[in-house]
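Here is a short report on a model with two chains in focus.

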Amino acid sequence: MEKLLIKDNDENVIACVVFRTDDNNEYECVGVLAEEDDILIKIAFNAKNGEIVDSINIKRLDIISINVLDSSKIEELV
Amino acid sequence: MDKIYNIKYVDASYSYEENINQTKLDSYEAYGYVKKNKNNIVITFIKKHVVDEKKSSDEEINIIKGLVIPDTSLVSVSSAYRTNILEGININSVVSVIWRDVVRVANLPRYDCSVMYTEGILIKIGSDYVILKDPRTIRTHPTPIKNHPGGGLPTYLVVPISFITDITIIK
């Protein structure tokens, strides 16, 4: 999977990820692609005063699909 | 695919510091799938992936990680919230406060916020929050009733006014 995070871009990359866990269940999550390397990606769900407080690290090998969302597809609830 | 939301909300917070200089509420921003349940907003961060939509009718078992927030915690609602609930309540009064709290959900079929009962000294009334000194809090819903927070006694509690459902002077 190609890397999606552009370090010098201030815009958040919002991704929907479907992944498999060791128990062979499949899950999906949505959030900000906060970090990525050759082994893991980090999806952040929740931030307090700009600092991440809820996130998940997903092994690249466990990813079934990843879909980067256009910001126009995301509704604001403020 | 379910609709995805960006949610901006405020939350109550405890402090364990000797002094508090808080001038505004902590601000949160979350992404997730959203469902409204009466006056609660259920935000799902992680859910089971169900290919067959017919099998996804029972959402309760599908939420793996998420939040339940009061609908009054949304930034736009909290900042514009107007109430007379604090009328006649003076600074330095010992008060009891009933308030709704944000809940973190993990593998639980929770669709409503917790209800808290706090006694403490009202030391500040801000535009959208109050601060209680030496708060003693119990969670009254859901049962069993238990002390809150779990670890140690906080020195201050900051509560959004929009979370408060009742406040009474004890002395």
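How many residues of chain B are in contact with chain A? There are 24, and they meet 24 residues of chain A. Two residues count as in contact if their C-beta atoms, placed from the backbone, lie within 7 Å.

## Basis of the model

This is a predicted model: local features need pLDDT of at least 70, side-chain atom pairs count only at pLDDT 80 or more, and totals for chains, interfaces and linings use all residues. Residues are numbered from 1 along each chain as its sequence is written, while chains are lettered from A and ligands numbered from 1 in the order in which they are written.

## The side of chain B that touches chain A

24 residues of chain B are in contact with 24 residues of chain A. On the side of chain B that touches chain A, β1 (4-10), β3 (27-37), β4 (40-48) and α1 (75-80) of chain B each supply at least two residues. β3(B) gives the most, with eight residues. By class, this side has 13 nonpolar, five polar and six charged residues. Ala, Val, Leu, Ile, Met, Phe, Trp, Tyr, Cys and Pro count as nonpolar; Asp, Glu, Lys and Arg count as charged; the others, Gly among them, count as polar.

Helices (H or I, at least four residues) and strands (E, at least two) are DSSP runs, numbered from the N terminus.

## Strand pairing between the chains

Strands also pair across the interface. Two strands pair if DSSP finds at least two bridges between them. Strand β3 of chain A (residues 40-48) pairs with β3(B) in the antiparallel sense, over three bridges. Lys48(A) has Tyr28(B) as its bridge partner. Ala47(A) has Glu29(B).

β2(A) pairs with β4(B), again antiparallel and over three bridges. Here Cys29(A) stands opposite Ile46(B).

## Chain A

Chain A has zero helices and six strands. Its 78 residues include 27% that count as buried. A residue is buried if 20 or more other C-beta atoms lie within 10 Å of its own, exposed if 12 or fewer, and partly exposed in between, with C-beta atoms placed from the backbone. Among contacts between residues at least 6 apart in sequence, 40% join residues at least 24 apart.

Strands β1 (residues 14-20) and β2 (residues 26-36) of chain A run antiparallel and are joined by seven bridges. Arg20(A) stands opposite Glu26(A). The two strands form a hairpin with five residues between them, and Asn24(A) in the turn has a positive phi of about 70 degrees. β2(A) also pairs with β3(A), antiparallel over four bridges. In that pair, Glu35(A) stands opposite Lys42(A).

## Chain B

Chain B has one helix and 12 strands. In sequence order the pattern is β-β-β-β-β-α-β-β-β-β-β-β-β. For 171 residues, a compact globule would have a radius of gyration near 16 Å; chain B has 17 Å, which agrees. The radius is taken over C-alpha atoms, and the globule rule is 2.2 Å times the number of residues to the power 0.38. Along the principal axes, the C-alpha atoms fill a box of roughly 60 × 35 × 25 Å. Of the 171 residues, 36% count as buried. Among contacts in chain B between residues at least 6 apart in sequence, 63% join residues at least 24 apart.

β1(B) and β3(B) run antiparallel, joined by seven bridges. Ile7(B) stands opposite Ala30(B) in this pair. β3(B) and β4(B) pair antiparallel over five bridges. Asn37(B) has Asn40(B) as its bridge partner. The hairpin of β3(B) and β4(B) has two residues between the strands, and Lys38(B) takes a positive phi near 55 degrees.

## The nonpolar core

In soluble globular proteins, nonpolar side chains tend to be buried together. A nonpolar core is a set of buried Ala, Val, Leu, Ile, Met, Phe, Trp, Tyr and Cys residues joined through C-beta atoms within 7 Å. The largest core has 58 residues; Cys29(A), Ile43(A), Ile43(B), Ile69(B), Val158(B) and Val159(B) touch the most other members. Residues up to four places away in sequence aside, Ile69(B) touches Tyr9(B), Ile41(B), Ile43(B), Val102(B) and Cys113(B).

## Asn6(B)

Leaving aside neighbours within four places in sequence, Asn6(B) is in contact with Ile74(A), Glu76(A), Leu77(A), Glu29(B) and Tyr31(B).
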